[in-house]
Every structure is written in structure tokens, then in C-alpha cells.
2 protein chains.
Amino acid sequence: MDNAEQKSPQRRRTSARATVTIRDVARHAGVSVATVSRALRGSDLVHPATRERVDAAIEELRFTPSQLGRSLAERRHAANGIVFPDLSGPYYADVVLGYEEVAATLGRSVLILSTHNRESADEMVLELAGRVDGLAVFGRTVHDDVVAEIVQRGVPVVLMARTEIEGADSVRTENVAAAASVVEHLLADGHRRMSFVGDPSDSTDVAERWAGFRGALAQSGAEVPERTIPAGFKEDDGARVAADLVADGLPDVVVCANDELALGLSVALAEQGVQVPGDVAVTGWDDVMAARYAGLTTVRQPMREMGGRAARMLDARISGDRSEPRHDVLTTQLVVRHSCGPHPKEAHR
Amino acid sequence: MDNAEQKSPQRRRTSARATVTIRDVARHAGVSVATVSRALRGSDLVHPATRERVDAAIEELRFTPSQLGRSLAERRHAANGIVFPDLSGPYYADVVLGYEEVAATLGRSVLILSTHNRESADEMVLELAGRVDGLAVFGRTVHDDVVAEIVQRGVPVVLMARTEIEGADSVRTENVAAAASVVEHLLADGHRRMSFVGDPSDSTDVAERWAGFRGALAQSGAEVPERTIPAGFKEDDGARVAADLVADGLPDVVVCANDELALGLSVALAEQGVQVPGDVAVTGWDDVMAARYAGLTTVRQPMREMGGRAARMLDARISGDRSEPRHDVLTTQLVVRHSCGPHPKEAHR
DNA sequence: TTGAAAGCGGTACCAA
DNA sequence: TTGGTACCGCTTTCAA
């Protein structure tokens, strides 16, 4: 009894406590915290009458259990993370949408992190990994060893649009065959001289698209460009390419690594009096909303599904339903629009 | 002494502990947890030699401090939340981008929640509120009383694109004057009969746009429609409106509550042989990427800045730098493009 | 059915 | 400079 007295030689730091805790509820209801906890969890080891008293106390005190205390005790965060290079652009937003949607359904909150090109990206990701039960990592936002470190800590990781890493799941979209189908379509339309805009060292996706592009051209006997025209993923990058293209002489087609690039390029070309597709055909990748309105031929990717799939894969790992890694590849689809119209020479025949 | 013995009548549940704790590090380094904690926090009350031993132990054990333990002790989450009706569409993505960017800079993680139209939205938001130090809430995703409840719990809230609530900060964009400038521009182009598509009861933004629209028309002496043509915010909603519009007779202009609506409407009209802007002019709102490529006249809103602003407002409240609520209104800008070309009659003069 | 108490993994006060 | 230890708020044995 005097034990209780001895127990608090140290005062509470704040005399007026802001938050109502489970202990307050227990005291108010005249029961132990264990009972309150049980009532909270809906355990059937609580007498109905007792439960009523507890509920009343909870109501009266406007008590909300602390997620922190709960998580610490349960040793789980009930939250997943997702890491992006950059949330701008329509592409990532859709993936996050799918991810969040599924995660929410599974009772998990979602923490997002955009690494931009911050120096501190690695640390930020490691920090994030300490706040979640599972982590989705997009593209080359994080170094391989950081991912490995996270996996080793026991946090399930699913990689999106990135080459596989030991111990981590992955979801990607099909690129090689899609690139080939783009090339084949263009060839059928009479186009021959094709350039590829994008930087294969930027991402696995671009590398695969470039490989598929070259492969299909080689197989058809058409001229295969030595290298890509390097560029980022933004409209501005496309605009910059346009200038060089006009100066160096136009090919029949410019296959771009993504839609924003293709759209920026097209606009810049038009400003310089180059007609699309009349003078040069242009294709993109992703099928973002603007591509539809710009009439851009592109490859549609199931972004939202990719996000959802990632969330589900993580859930399976977290809940222990699956332990072997899994690697999914989602199919993509060529969407032919106006920007790749038949080559003039072909059309004249 | 025997006290220590008595202290563990209860075994650890897991014999092989997965996670390395601060106690392990302390033991390994031959110091107390207090010292490890100090070393961790970079306190200068640690002897260099001691610090070295601690660092070595941390390194060797690959110790990472638990965010949960830390948060519980520090009584702060170091995380902010943001609540959306729906993350789809380019609009919200940009706001999140700005929010995350600033929050990350301020050392806070970001939890996102899309309420969609889930029944359980209120509970989900309340749950989220328990995981963060501050919360940004978008539009009418959450009932007023839920917001009030969260504010009362002491969690700073900033409302975005929503009418003010006692005790919460807010960031909005200017709507009334912008709507008036749209109308004035259209009037100057010779358009007279204007319809407004959107549901004012959907959001504060739409209500204000509708009010500005009516006000400007009334002031000009032009015909003021009795009511809006109700519609949601998606392309599909626009398409549905198109059918009715054609059946009921076209006005000179259709002013839409957002871009997606306007774009969906335009496409559907074109499919029915109605020319934009020849037969009817169309305007949108937001200036999303697709609007540029579709040549849609619209009102540009600083979405990204709105997100960033919200994050900063929360930070000020959380850190106690400010206690009185603040309400920011961001300026918007009319962007004239092809879709609202001069009215035919006007053009012929 | 209930309660006491030992965690979960840190932080920070107090005393040494 | 350090160590001991009482928290932070909740969950879950174990015993009654």
C-alpha cells in the first residue's frame, strides 16, 4: 500500500495534463486499466455491466487511445510507407492513389516521402523505415545498400519500377514488348528513321524501353541508332531536345521515354514550325490525362493497379502470409493516337 | 539488489529478440542507457572517450533508435497528416506535393488519407489525428464537428479550400473575383448567354465561383441563370452534362467548376458535332496540365503553394510560434486560351 | 471477470 | 560526466 506512496518521488512535469489516458478512464470507471484495455479491444472477457461503466467513462472523458502507446505495446505501426523521387507529375499521383486506397482498406495508414534529389534522401528513407511496417520504394530513389539495410532490419520492402533486390518484392510494368509494339506500329506506318529520347541510366523502365526499341528495330532490319538522346522526364527536357533535333536534322519519329517529355517536345517543335505528325511523329509513355487531349500516341500503364498491388504484397509479407519474394510484371498497352500518323511518304503511295 | 531479481518474474515473450534496443547498446558499451541516449542526441555531457565506445556499440549492433519509443517519450509524432476526398486527378497531387515538400524540410513525415466517400471517413480522420502533430483537411471531406473535435483535442488543424471553422487555420484561393474576371472576359468577347456547370453545395470553392459568376453577370445587365447545371468534378460528369446541353439548347458559354469537367464536356460536345469554341465556348478551373494541351481557358490556382502554405501554418501552430488562427487567401489568375474564342456574332462584326 | 504489474523503447530528472 | 529510474500510454500475461 505504502508502495503506491513511494512510487512517485518524481512529479509529473505538467500539472495540468492535456491528454486523457487509459488510467484516467480506469479511475473514473472504478476499474483497472487492464479492464479498460479489454473493453477497448472488444474482448468478451468483460462483464456487460462493467463495459457499460467503462464506455460511459470513455464518453465522459472524451478519451481516445494513443496510437503511440498502442503501437509500442503491440510492436506494430499499422502504417506503410511509400517513397518517390518526386510526387509531381500525374504518373506518381496515380500510383499513390492505388497504394493508399488498398492500404486504407487493410487498416494501414500511409506515410509518403518524396526524395527529390536531396542529399539526405538515404537518411530520410531509413528514418521512414523506422516508422512503418512495410515500405514501397519507387525507382532509383534510394541506393541498393539502403534498401538492403531496410530489408535486413526486417521491414518488408516492395520495389516499384526497379530492378530486383535480394529479399524484396517487386512490381513492374512490361516494357520491352511494349517498346517493340510501338516500333512495329511505327514501321507499319512507314516510318523508318527513329530516335529515342530519354536516359536509360535514369531508370530501369527507360533502360528496358530503349532495349525493346533497339531490339525491334534491329529485327526489322531498320537503322538502329547508336545511342539515345538523353533527357529527363519533364516537359522542359522535351523542349530542350526539340532545339537540338531541329538543328541536327529530324528523324521520322521520336520515341520518348514518357509523356511529359513527348508533350514538351511536341509543343516546342510546333513553335519552331515543325509539324507533328506531318514532319515528325512523336510517341510517349504512361498515358497521362494530358496525352489524351494532346492526341499523343503512347503506352498505357496500370499505375493505380501497380500501387494497389504493392500495398497488397506488403500486407502479405507483414502478416506473414508469404515469405518467399514475389515479382509481378503488369501488362501495358499501346494506345495509338494522332501524334504518330502515317509517314508522309507512306501516305502518298 | 534482490529487487532486481524480483523484477522479472515474467519472461520476455520472444527469446530471440529481433530488434536491438538502447539497453543492448548500453550493456555492450558498458554504460547506462542515459548515456547512450545522450550520445544519441548529441549532448555535450558525454565524454569523448565514452561517446566513442557508444558509437562503436551502435555500429556493431546496427542499432537504430525506435521512432515509437522516442515519440512516446517526447510526446510528439514528428509527423503531419493531410486529408483529401480523393487523390485522383492532378489537382490534389500538386497540393500534396507542396505540403510534403515543406513538411519534410521541417523535419516532419507526412501521412496521407483519402476519404473517398467512405462511410467510415470520420473515424479514419479521427484515427489519423491521433497519429500526427498537425492535420491539413481538404474541402468538405470531414464533418464540421469532427474537425472541431480534433481541434479540441489540441491538434492544430488547417483547412484547405473550405469555409473557416473556429480555432482552425485556413488556406483558400480567391474565387469570386476570378469568376468575375472570367465572365468579364467572356462578355468582352461578345458572349451573352452563360451557363454554370457544377454543384455549389459540393464545395466552398464552387459556391464562391457560382456567386462570382452570378454577381458579374448581374452587374453587366446580362441574363443571370437561375441555377447551375449540377455536376461532379470528373470528365464523366462533363460528358453527361453535354448530352443534356445539346438536347436543351446550347448557351453561348459553359463555365465549368473545374478543368476535368470542362474537358470531358468539350470532348463529348465534339463527339456530337458541336464545335468549341465555334458553337459554344467552354471554360474550366484549376489549370491542370491537360488544360494546356486542350487549349482550355481556365483559372490558374497555386496548388503547390497552397500545400506548402498549409504545412508552414501548421508548423507555426505546433511549435507554438503562433496561437491566433490565421486565414490566407491565395490569388488566382485567368488564363485565356482557345476554348473561349470570340463569339461568332461578335467576330462577324 | 478482474487486477497487478511487467513490458514495449526511449527521454530526462535527480543524485552521485 | 555518469547512472538509476520514473515516466510516456497501452497491451498482455499471470494470479486471484
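Author: Start with two strands of chain B. In this predicted model, β6(B) and strand β7 (residues 253-256) of chain B run parallel, joined by 4 bridges. One pair to find on screen is B:Val197 and B:Cys256: the valine stands opposite the cysteine, which sits in β7(B).

The loop between α12 (259-271) and β8 of chain B holds B:Pro277. B:Val276 and B:Pro277 are joined by a cis peptide bond, with omega at about 5 degrees.

Next, look at chain A. There, too, an open sheet of 3 strands has the order β6-β7-β8, with parallel pairing. β6(A) runs parallel to strand β7 (residues 253-256) of chain A, and 4 bridges join them. A:Val197 stands opposite A:Cys256 in β7(A). The loop between α12 (259-271) and β8 of chain A contains A:Pro277. The peptide bond from A:Val276 to A:Pro277 is cis, and its omega is near 5 degrees.

Now to the place where they touch. Chain A gives 32 residues to the contact, and chain B gives 32 residues. On the side of chain B, the elements that give two or more residues are α5 (67-74), α6 (90-105), β2 (109-114) and α13 (289-294). α6(B) supplies the largest share of that side, 7 residues. By class, the side of chain B has 18 nonpolar, 10 polar and 4 charged residues. Of the interface residues of chain B, 100% are also interface residues in chain A, so the copies meet through the same surface.

Strands take part in this meeting of chains. Strand β2 (residues 109-114) of chain A pairs with β2(B) over 3 bridges, in the antiparallel sense. In this pairing, A:Val110 stands opposite B:Ile112 in β2(B). Follow chain A on from its β2. A:His116 lies in the loop between β2 and α7 (121-129) of chain A. Check its backbone: A:His116 is not a glycine, yet its phi is positive, at about 45 degrees.

Helix α6 (residues 90-105) and helix α14 (residues 303-318) of chain A cross at roughly 40 degrees, and their axes come within 7 Å. That angle makes α6(A) oblique to α14(A). Their crossing is right-handed. Residues of α6(A) that meet α14(A) include A:Tyr91, A:Val95, A:Gly98 and A:Val102. Across from them, α14(A) brings residues including A:Met303, A:Met306, A:Gly307 and A:Ala310. The contact of α6(A) with α14(A) counts 11 nonpolar, 3 polar and 5 charged residues.

The second pair is in chain B. Helix α7 (residues 121-129) and helix α8 (residues 144-152) of chain B pack at about 15 degrees, with axes 10 Å apart. At that angle, α7(B) is roughly parallel to α8(B). α7(B) passes α8(B) in a right-handed crossing. From α7(B) come B:Asp122, B:Val125, B:Leu126 and B:Ala129. They meet B:Val146, B:Glu149 and B:Ile150 in α8(B). The contact of α7(B) with α8(B) divides into 5 nonpolar, no polar and 2 charged residues.

Terms used:
Residues numbered from 1 in each chain as written. Chains lettered and ligands numbered in written order. Predicted model: local features only at pLDDT ≥ 70, side-chain atom pairs only at ≥ 80, totals over all residues. Contact = placed C-beta atoms within 7 Å. Nonpolar A, V, L, I, M, F, W, Y, C, P; charged D, E, K, R; others polar. Pairing = 2+ DSSP bridges. Axes fitted to C-alpha atoms, helices over the stretch in contact; angles between N-to-C directions. Parallel < 35°, antiparallel > 145°, perpendicular 65-115°, else oblique. Left-handed = near helix turned anticlockwise from the far one by under 90°.
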